[in-house]
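Have a look at the model, then follow the points below.

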Amino acid sequence: MKRTLLLIVVLLLLVLCRWPWAADCPQPLAIKAGKIWTVTNGVIENGVIVITNGKIDAVGKNPCVPEGAKILEMPDTNVMPGLIDGHCHLGLALDILAEIEETVSAVTAEMQILDAFNPAADDVKKALRSGVTTVLLAPGYKNPIAGQTAIVKLCGARTDDWVLRRNAGVKFSLGNEALMSDRRPTSRPGLLTLIREELTRGKNCGGDTFDPRVQILKRVAEGELPVYISVHTVDETVAAMQIVDECALKATLVGAEQGDEVATMIAERNIPVIYAPLLRFSKDKDLKRVVGMAGAGIKIAFASTAPLTDLRDLRTSAIIAAKYGLSPEVALKSLTIHAAEILGIAERVGSIEIGKDADLVILNGSPLELTSRVEMVIVNGTIVYQGEEK
Amino acid sequence: MRGYVFLLTLLSLSLTATTALHGQEGIVAIKAGKVLTLSGAPVTNGVVLIENGKIADIGTGIAIPEGASVIDASKSVVMPGLVDASAVPAVRGDLNEQSSEITPSFRMSSAIDPQSKVLKRAVQTGLTTLYISPGRRNLIGGLGVVVKPAGKTAAEMIIKDDAALAIAMGSSSTVGNRTPRYQPPTSFYYRRPTTRMAVAWMLRKSFFDARQYAASHEKEDPDMEILSAALKGEIPIRVTVRRAIDIRTALRIADEYEFPLVMVGCVEGYKVAEEIAEKRAPVVLGPFYYHARDRGRYYEGREVNWNNAGILVKAGVKVALASNAESQSDDLLTVATVAVRHGMPRDEALKAITLTPAEILGVADRVGSLEKGKDADILILSGDPLVPTSRIERVLVNGKTVYQVD
C-alpha cells in the first residue's frame with residue numbers, strides 16, 4: 001500500500017515537473033541539408049542541424065535527432081547562418097526618411113534610434129527575404145554625434161523578442177554631410193573641434209552628473225560604449241583615427257570607402273571596418289578596396305545602409321569583393337561571424353554552432369554564387385520566410 | 001396670421017419657462033419604459049426620481065411625490081448622458097501655446113467658451129460630459145478639463161479642472177517644426193522635435209527633470225510642479241499615439257518612469273493589443289471617420305480600423321469611444337453602433353461611451369451611469385440607443401432639460 005502511494009507521488013511529481021517544460025517547448029526541428037556552411041567549423045556535406053527552443057542543439061553528419069522532431073528534408077540546399085548588416089536604417093522611414101536625422105542641434109548623443117524603429121515596416125520584410133536576420137540600426141549622417149544605435153533581429157512579435165542591444169554604441173559622423181550652413185559646425189575644423197569638446201566634457205565630468213547626454217559621452221570617453229564613426233574619404237578616415245588615438249575610444253569605422261589607402265594605419269590600431277560600398281552610387285570596381293583592407297589584416301563587415309541602397313546589396317557586395325580577390329572564406333565570414341564579432345554579439349549569432357540562436361538562411365546554391373536564391377529564412381528557430389515551390 | 005404665430009411663440013416660450021423653473025426647484029420624476037442604468041441590470045417600466053439635480057431613486061414601484069413634475073417617457077428608453085473622453089473643444093483661440101514645445105501649465109479651462117456652438121451640437125448628439133484637451137501641436141500640451149455643456153460661465157460648467165496632462169507623440173508634435181536650413185533660425189518653429197527619436201528623448205528629459213525637481217527643495221517652477229505631480233500619479237497622463245511603434249515607445253517610457261498612462265487615438269492599437277492589456281493602459285479610441293481618405297492632414301491616422309475596438313476589448317483592454325476632437329465623428333451613438341457591428345460586445349460598447357470614459361476621466365463618482373446619488377445627466381431616446389433609427393427625444397443635465405425635440 002505504502003509503495004503504491006509512493007509510486008503515485010513520484011509519478012505526480014514527474015508529471016508536474018515535466019508538464020510546464022512540455023508546454024513551453026515548441027516542437028524541435030531538424031534540417032537535413034546538402035551543405036552546411038558553419039562558417040567557424042568548415043562545411044559539412046549532407047549534415048543535419050537540430051533546433052530546440054530556438055537554439056541550435058546539434059550540428060553534424062549524423063547527430064541524434066530527438067523524437068517527435070519536425071524534419072525538413074532539403075538535400076539540394078545550402079544552409080548558412082543569418083546575414084548580419086553592420087549599418088542600416090531599416091524600418092525607420094515611416095512617413096519621411098528624415099526620421100533618422102534630428103538636426104536642430106549638432107550633438108544628440110541622447111537620442112535612441114530604437115524609439116523610431118518600426119518592426120512591421122515593408123523594408124524589414126524585404127530584408128528578411130534576402131537572408132538578413134540581424135542588423136545594427138543607426139541614426140543618420142547629418143549630426144557629428146548623432147545618437148545611440150541598437151542591434152535588433154528582424155523578427156518577433158514583441159519588443160523583448162527582437163532587441164539584442166538597446167544601446168549598442170554611439171554613432172559619430174565625420175563626413176561632409178555633418179556640416180550645415182546655419183548651425184555649428186559649418187566647416188571641417190569646426191566639426192572636429194566640436195567632437196573633441198564633447199568628448200572632453202564627457203571625460204572630465206564627475207561621476208555625479210545628472211545630464212543624460214553627458215553621461216552617455218562619459219561612457220564613450222571611458223571606452224565603455226563603442227562608437228561607430230561614419231567616414232568616406234582618406235582625410236576623414238585619418239581624422240577619425242586621430243580622435244580615436246587622443247581619446248582612446250572603442251571605435252569602428254563605418255563607410256570607409258577609401259580605407260584601403262590608409263589600411264596599415266587602421267590595421268595597426270585594430271579598428272574594424274564596416275564597409276558600405278553604396279553600390280547604387282559607385283562602380284563595382286570600388287569593392288576592390290575591401291581586398292586591400294582585408295589584406296592588411298582589418299576585420300571587415302558589410303553594411304547595406306538600406307533603405308539608402310537596396311538590401312540585396314549585402315550578399316552581392318561580398319560576392320563582388322570575392323570576384324576581385326577577397327578569399328571566399330573571408331567574404332563569408334564578413335557577412336556573418338566577423339560582423340557579429342565587430343558588433344559584440346558573437347555569443348548569440350554569426351555561425352552555426354551548438355548553443356547559438358537558430359538564425360539560418362537556406363539557399364538553393366552556394367552562398368557565394370550570384371545565382372543562388374534564398375529559399376527559406378529561419379529566425380530563433382521559427383520559419384519566417386519560405387519561397388514558393390519550384 | 002403674423003399675430004397668431006407671435007401668440008403661439010409666446011405661449012410655447014412661457015410653457016418651457018415654467019417647466020424649467022418647476023424642475024429647478026422641485027422634484028422631477030421620469031416615467032420610463034426602460035432604464036439602462038449601465039451599472040446594473042436594466043429596469044422595465046421604472047421611475048427615475050431626481051432631486052436637486054441628483055438622482056434620488058431608480059426602480060419600479062417608486063411613489064411619485066406630490067408636486068413633482070413628471071416627464072412621461074413610458075414608451076421611451078432612458079440612459080445616462082454620453083461622456084466624450086476627448087471632445088470637440090468648446091474654446092476660443094488656439095489649442096496650444098505654440099511658442100514653446102513643452103507647456104505643462106497651459107490650462108484648457110482658461111479658454112472655455114460657454115457660448116460655443118460646439119456645446120449646442122454636443123447636447124443634440126446626447127453628450128452631457130466632455131473632456132476638452134489641449135491640442136496636439138505641442139509635445140507636452142498642458143492640462144485638460146472636464147465640463148458639462150450647461151452653464152453661463154466656465155466655472156459653472158467645469159466638473160474637474162486639471163483633469164489630465166496631454167502629451168502628443170508620433171508625428172503630431174513634430175509637424176510644423178523645422179530644422180534651420182538656408183536661413184538663420186529666427187522663427188520659434190526652428191526647434192526640436194522633428195523626429196520620433198527626439199519626441200522620445202524630450203519626454204524622457206522632461207520626466208527626468210521633473211524627478212530632479214521633486215527631489216530638490218525648489219518650489220517655484222509651475223511647469224515642473226505639474227510634471228512631478230503627474231509622475232506621482234496625482235494627474236493622469238494622456239498620450240496621443242496612433243502608430244503601433246509609438247504605442248510601444250509610450251509604454252516603454254511609462255515603464256521607465258513608472259507612471260500609469262491613458263492612450264488616446266491608438267489607430268493601430270489592434271496590432272499591439274496584448275502589450276496594451278498587459279500594461280493595463282486604458283485606451284480612448286477615435287476619431288472614427290466615415291470618409292477616412294479625405295483626412296489628408298491626418299496622414300498617420302487614416303488607416304481607421306473599425307475592428308480595433310472589438311479586438312482591444314477581447315484582449316482585455318479598457319476601451320472608451322470618443323470623437324477625439326474631430327467634429328466629423330462626434331456622434332458617439334453611431335460610433336458605438338458601428339463598433340458593435342465590427343465585433344465589440346454590445347454592453348461594452350454602451351459602457352464605452354458612458355461609464356468607461358467617466359472612469360478614465362476620474363469623474364465616475366458623478367457621471368457615467370444612472371445610480372442613486374449621481375448627477376441627473378439623462379438621455380431619453382425613442383428606442384434602443386444602438387439602433388440607428390432611434391432618436392434623442394430629451395437631454396437632461398443636472399436634472400434640467402437642456403434639449404428637447406418638439
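1. Chain A holds 11 helices and 17 strands; helices (H or I, at least four residues) and strands (E, at least two) are DSSP runs, numbered from the N terminus. This is a predicted model, where local features need pLDDT of at least 70 and side-chain atom pairs count only at pLDDT 80 or more, while totals for chains, interfaces and linings use all residues. Residues are numbered from 1 along each chain as its sequence is written, with chains lettered from A and ligands numbered from 1 in the order in which they are written.

2. A contact here is two C-beta atoms, placed from the backbone, within 7 Å.

3. Now the sheet in chain A. It is open, has 7 strands in the order E3-E2-E1-E4-E15-E16-E17, and its pairing is mixed; two strands pair if DSSP finds at least two bridges between them. E3 (55-60) and E17 (382-386) of chain A are at the edges with a single partner strand each, so each has one side without a neighbour in the sheet. From one strand to the next the twist averages 35 degrees, using lines fitted to C-alpha atoms as axes (for helices over the stretch in contact) and angles from 0 to 180 degrees between N-to-C directions.

4. For a closer look, take E15 (residues 360-363) and E16 (residues 374-379) of chain A, which run antiparallel and are joined by 4 bridges. Opposite A:Leu363 you'll find A:Val374 in E16(A).

5. Chain B has an open sheet of 7 strands too, in the order E3-E2-E1-E4-E13-E14-E15, again with mixed pairing. E3 (54-59) and E15 of chain B sit at the edges, each with a single partner strand, so one side of each lacks a neighbour in the sheet. E1 (residues 27-35) and E4 (residues 69-80) of chain B run parallel, with 7 bridges between them; B:Lys34 has B:Val77 as its bridge partner in E4(B).

6. Follow that sheet to E13 (residues 378-381) and E14 (residues 392-397) of chain B, an antiparallel pair with 4 bridges. Here B:Ile378 is partnered by B:Leu396. E14(B) is also joined antiparallel to E15 (residues 400-404) of chain B by 4 bridges, with B:Val395 partnered by B:Tyr403. E14(B) and E15(B) make a hairpin with 2 residues between them, and B:Asn398 in the turn has a positive phi of about 50 degrees.

7. Which way do H4 and H5 of chain B cross? The axes of H4 (residues 196-215) and H5 (residues 222-231) of chain B come within 9 Å and cross at roughly 95 degrees. That makes H4(B) roughly perpendicular to H5(B) (65 to 115 degrees; under 35 is roughly parallel, over 145 roughly antiparallel, the rest oblique). Among the contact residues are B:Phe207 and B:Tyr213 of H4(B), and B:Met224 and B:Leu231 of H5(B).

8. Last, the largest nonpolar core has 239 residues, and A:Leu137, A:Leu253, B:Val48 and B:Leu321 have the most contacts inside it. Such a core is a set of buried Ala, Val, Leu, Ile, Met, Phe, Trp, Tyr and Cys residues joined through C-beta atoms within 7 Å. H4(B) gives the most to this core, with 9 residues.

Note on methods:
Buried ≥ 20, exposed ≤ 12 C-beta atoms within 10 Å, placed from the backbone.
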